[in-house]
Amino acid sequence: MNNAAGLPRARTEGLVISELDDETLVYDLERHEAHCLNQTAALVWRRCDGKTTVAKMTDVIQEQLDTSIDVDIVWLAIKQLQRFHLIANGDELLVATPSVSRRKLLLKYAPAALALPVIMSIHAPTAAQTGSCQNENSPCSVDSDCCSFNCNGGTCGPAL
């Protein structure tokens, strides 16, 4: 993967980004998902400019974290960023991304486990979803699904 077309490029459109001390918060306006990138994942994401090779990213991030990291850690971060749709050219990279498991890296780099990339993600409901409820005889799974707050056997029942 020497050509720039195959190098990872961070997605920036349709995102609200807030950088904190040791993490970066990213809200995806299209998918209504919020992501919290730890320092390692955020450093990798910021280096995904479509020009920087994974080997160069590894060197720069190693310098910034002041700890030894392997190229596998950067690939793991890229794989996670792809999964959460934070890489613009993610489809191109799916073929080229080597298989890297968090478990294998954790065992291999136990002393430097804090350098492993972590992305925590939640799905945020849209305004319409938060203000809606199901009417009587509609399917439900919990009481709060129903306007009557009475989910009885998978169907909204009358108010109690």
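This is a predicted model: local features need pLDDT of at least 70, side-chain atom pairs count only at pLDDT 80 or more; totals for chains, interfaces and linings use all residues.
Residues are numbered from 1 along each chain as its sequence is written, and side-chain values use heavy atoms, with hydrogens and water left out.

**Overall layout**

- The protein has six helices and six strands, where helices (H or I, at least four residues) and strands (E, at least two) are DSSP runs numbered from the N terminus.
- Read from the N terminus, the order of elements is β-β-β-α-α-α-α-α-β-α-β-β.
- Of the 160 residues in the protein, 39% are buried, a term that means under 20% relative accessible area with a 1.4 Å probe and protein chains only.
- Of the contacts between residues at least 6 apart in sequence, 49% join residues at least 24 apart, contact being heavy atoms within 4.5 Å.

**Helix 1 against helix 2**

- The axes of helix 1 (residues 39-47) and helix 2 (residues 54-65) come within 10 Å and cross at roughly 140 degrees, which makes helix 1 oblique to helix 2.
- Axes here are lines fitted to C-alpha atoms, for helices over the stretch in contact, with angles from 0 to 180 degrees between N-to-C directions; under 35 degrees counts as roughly parallel, over 145 as roughly antiparallel, 65 to 115 as roughly perpendicular, and the rest as oblique.
- On the helix 1 side the contact is made by Gln-39, Thr-40, Leu-43, Val-44 and Arg-47, and on the helix 2 side by Met-57, Val-60, Ile-61, Gln-64 and Leu-65.

**Burial of helix 1**

- Helix 1 is mostly covered, with seven of its nine residues buried, namely Thr-40, Ala-41, Ala-42, Leu-43, Val-44, Trp-45 and Arg-47.
- These buried residues pack against strand 1 (15-19), strand 2 (23-28), strand 3 (33-38), helix 2, helix 3 and strand 4 (119-123).

**Nonpolar core**

- The largest nonpolar core has 25 residues, and Leu-37 and Val-44 have the most contacts inside it; such a core is a set of buried Ala, Val, Leu, Ile, Met, Phe, Trp, Tyr and Cys residues joined through side-chain atoms within 4.5 Å.
- Helix 1, helix 2 and helix 3 (71-83) are the elements that give two or more residues to this core, and the largest share, six residues, comes from helix 3.
- Leaving aside residues up to four places away in sequence, Val-44 touches Met-57, Ile-61, Val-74, Ala-77, Ile-78 and Leu-81.

Methods. Buried means under 20% relative accessible area, exposed over 50%, partly exposed in between (1.4 Å probe, protein chains only).
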